[in-house]
Amino acid sequence: MDKVRANLMLCAGTGCVASGTPKVKEALLEELKKRGLDEEIKLVLTGCNGYCAEGPVMAVYPDQVFYQKVTVEDIPILVEEHFLKGRPYQKLMFKEPEKKTAIPRMGDIPFFKHQVLRVLRNKGLIDPEKIEEYISRDGYQAMAKALTEMTSEDIVKVVKDSGLRGRGGAGFPTGLKWDFASKVKSDIKYMLCNGDEGDPGAFMDRSVMEADPHSVIEGMVIGAKAIGAHHGYIYVRAEYPLAVKRLQLAIDQATESGLLGGNILGTGFDFHLEIYLGAGAFVCGEETALMRSLEGKRGMPRPRPPFPAHKGLWDKPSVLNNVETLAQIAPIIMNGSEWYRSLGTEKSAGTKVFALTGAVNNVGLVEVPMGIPLRTIIYDIGGGIRKGRKFKAVQLGGPSGGCIPESHLNTPVTYEDIVATGAIVGSGGMVVMDDNTCMVGTAKFFLEFTADESCGKCTPCRVGTKILLDMLTDITEGKGKESDIETLLDLGRDIISTSLCGLGQTAPNPVLTTIKYFRDEYESHIRDKWCKAGVCRNLTTFWIDEKLCKGCGACLRACPSKAIIGEKKQPHKIIQEVCVHCRTCYEACKFKSIKILPAGFEGDPSELLEAAAAAGEGKKGDSK
Amino acid sequence: MPRLTIDDLKKIKEKHRSDFTLREGGYRAKVTVHMGTCGIAAGARAVMTALMDEITKANITDVIVTTSGCAGLCAKEPLATVEIMNHPPVKYCDLNDEKMREIFREHIMAGNPVEKYALVAGCESTY
């Protein structure tokens with residue numbers, strides 16, 4: 001008997017492996033064997049499923065039942081109930097955040113329901129370590145078509161017409177890039193893939209490389225045919241060991257099967273592909289710096305022109321495409337440009353993968369048609385803000401991006417509309433922040449990153465980001481000056497207009513957008529020495545409102561420095577001299593009786609709090 | 001693995017079709033063997049094994065087999081529900097190895113429900 005009646009797709013992406021996939025796998029195999037089900041039920045390890053926060057996750061086919069947070073202890077009962085008796089096991093199903101009812105089927109879970117999968121078409125459906133599985137999902141058919149039925153011009157035209165734009169951040173039309181490189185005459189050209197994903201919080205490229213490495217390889221061979229390249233490199237950060245392992249395995253399998261290397265599929269076309277490990281410098285995601293790094297030199301950008309299409313790697317014509325861009329090529333070749341344009345907007349066609357993280361209920365990878373509003377992603381797919389808190393801002397585009405406030409949540413996600421808000425789509429990192437977030441602190445966080453990662457070649461970026469960071473640090477420590485906001489704005493604009501590469505040209509964005517939308521927060525930090533979110537320690541006084549305090553003792557027990565005193569059922573009090581401003585009590589209080597006041601505040605704060613509440617209401621009204 | 005040709009790509013896809021029928025859907029028929037405690041006690045396991053064996057021998061990929069719990073009619077176990085796409089499902093009762101093989105040949109392959117073993121047609125669909 002070799003008929004298999006069910007496939008268990010257990011996620012073996014980096015996130016789920018860290019949460020326990022290897023042990024769950026062993027336990028599952030053992031239990032299936034014990035129950036005599038090991039021949040009719042097949043366990044398949046997949047790449048990242050995207051729903052990383054609830055890992056390890058597993059989808060069961062043909063039932064399409066989705067399980068999350070699977071543990072070794074759950075296995076015996078899960079196998080008996082579902083796989084033997086056919087009763088899907090409720091305990092491990094996704095539960096609606098509000099109603100707590102279990103949703104068994106993957107397609108009904110809001111996180112998955114609103115997504116449209118093109119880049120992630122094979123996510124959770126194939127074993128990325130077996131080339132036959134990729135081929136079974138029409139893999140390498142597009143490459144066969146491109147190599148046998150299409151000329152270089154045909155390929156360039158389809159990709160151009162599709163409107164596909166580079167998913168690495170800048171959004172340059174992919175077809176145009178290929179067109180430039182294909183028209184340059186040269187004995188040697190290079191087709192390169194940028195897997196140097198460096199934005200904090202972004203992991204879509206890693207996910208694609210782990211879950212569907214062959215889709216990147218296929219895209220590269222098609223690109224190589226379009227521009228006339230016979231050698232290529234995938235530049236991946238060494239911090240992605242699983243992605244590197246699966247890519248290497250995929251390259252080996254493809255080469256052995258004649259889908260890479262010399263005389264691909266007997267068509268006479270050659271393409272040799274190698275992986276190059278980057279050391280993790282953020283600037284190496286910039287194309288000219290990446291090429292220098294590939295040459296074995298220090299990764300630093302150089303002025304353009306000449307553009308890489310003319311003089312790239314080792315001064316030969318080169319095309320560098322992002323992982324996500326390349327993963328879209330095969331379906332475009334198979335289905336045509338019109339199909340690709342059927343989703344998205346006129347200028348931003350197709351779908352985009354976002355790494356949704358931060359203060360939302362459902363954290364993970366989401367692929368959506370471009371042009372849908374930010375609100376849909378955060379509330380319908382993300383399931384809204386965690387713990388019922390209030391939305392404050394969403395940070396798009398990582399350290400190069402900006403913060404978008406509530407009033408702009410209806411902005412459609414397209415390259416143009418997002419840029420108009422002051423942020424960028426970037427590679428697709430999307431960090432949601434709630435009202436516990438200090439926006440000055442957020443800007444400082446990203447500036448710490450860019451100041452650290454600036455390669456130092458050009459002065460505006462090297463010195464400018466450091467000055468921005470110093471000023472932000474001063475503001476968060478209560479040493480801000482009234483003139484600081486204008487200086488930040490002036491300096492930020494200067495850095496943007498005079499920096500050599502994309503790192504410096506975008507580094508001030510987090511500062512500029514937080515000032516644009518949250519200027520009042522900068523002002524209250526500087527003038528009132530008051531961080532209303534209670535994050536900047538030097539700018540807070542924690543105070544218990546006696547009228548609201550029930551004397552439950554939760555704060556007293558939580559306080560690490562024993563700064564809170566009070567009898568049971570009597571209002572408590574914070575001893576200011578002992579308080580370390582850690583905000584633990586604020587989090588612990590269930591009655592909202594702990595208030596955040598300006599630094600060094602003494603006396604009765606009721607007037608101040610009323611004024612602040614009124615200002616908050618007014619602002620909320622304005623934004624609508 | 002030997003070097004592939006374009007034809008080989010299609011052959012590999014065919015070879016793995018049964019796995020992907022499970023994952024992607026698009027099957028022609030679905031058989032649900034009721035495997036509650038009552039079903040198992042009455043011999044559902046042998047019914048399931050016979051069915052899987054027939055499918056393997058027939059070398060087809062468009063019929064899927066799944067299990068479900070007690071159908072509420074414990075006295076008539078083992079039960080199985082045969083759903084041919086776009087036809088009402090048929091529930092069979094008091095099954096055994098031989099009856100299941102006959103149902104496979106007559107109903108699933110030839111398209112004629114086996115009335116003598118049928119309990120009811122057009123019952124509720126399982127999820």
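A helix and its surroundings

Modeller: Helix α4 of chain B, residues 44-58, has 15 residues and reaches 21 Å from its first C-alpha to its last, close to the 21 Å expected at 1.5 Å a residue (the expected span is 1.5 Å times one less than the number of residues). Helices (H or I, at least four residues) and strands (E, at least two) are DSSP runs, numbered from the N terminus. The model is predicted, so local features need pLDDT of at least 70 and side-chain atom pairs pLDDT 80 or more, while totals for chains, interfaces and linings use all residues; side-chain values use heavy atoms, without hydrogens and water. Residues are numbered from 1 along each chain as its sequence is written, with chains lettered from A and ligands numbered from 1 in the order written.

The buried residues of α4(B) are B:Ala44, B:Val47, B:Met48, B:Ala50, B:Leu51, B:Met52, B:Glu54 and B:Ile55 (buried is under 20% relative accessible area, exposed over 50%, partly exposed in between, with a 1.4 Å probe and protein chains only). An α-helix has 3.6 residues a turn, so residues three or four places apart point the same way. The buried residues of α4(B) pack against β1 (29-34), α3 (37-42), β2 (63-68) and α5 (97-109) of chain B, where contact means heavy atoms within 4.5 Å. After α4(B) comes B:Asn59, with a positive phi near 55°.

A:Glu40 sits in the loop between α2 (21-34) and β2 of chain A, and it counts as buried because its relative accessibility is 1%.

Chain A gives 49 residues to the contact and chain B gives 35. About 3600 Å² is buried between them, 56% of it from carbon and sulfur atoms (the accessible area, with a 1.4 Å probe, that two parts lose on being put together, summed over both). A:Lys3, A:Arg5 and A:Ser136 supply 18% of what chain A buries against chain B, more than any other three residues. The two chains share 5 salt bridges (a side-chain nitrogen of Lys or Arg within 4 Å of a carboxyl oxygen of Asp or Glu). In one salt bridge between the chains, B:Asp19 pairs with A:Lys42, their closest N and O atoms 2.3 Å apart.

Among the elements giving two or more residues to the side of chain A that touches chain B are β1 (6-11), β2 (41-46) and α11 (241-256) of chain A. The most comes from α5(A), with 5 residues.

Within chain B, α5 takes part in another link. B:Glu102 and B:Lys116 form a salt bridge, with the closest N and O atoms 3.0 Å apart. B:Glu102 lies in helix α5 and B:Lys116 in the loop between α5 and β5 (118-121) of chain B, so the pair ties together parts 14 residues apart in sequence. B:Lys116 counts as exposed because its relative accessibility is 60%.
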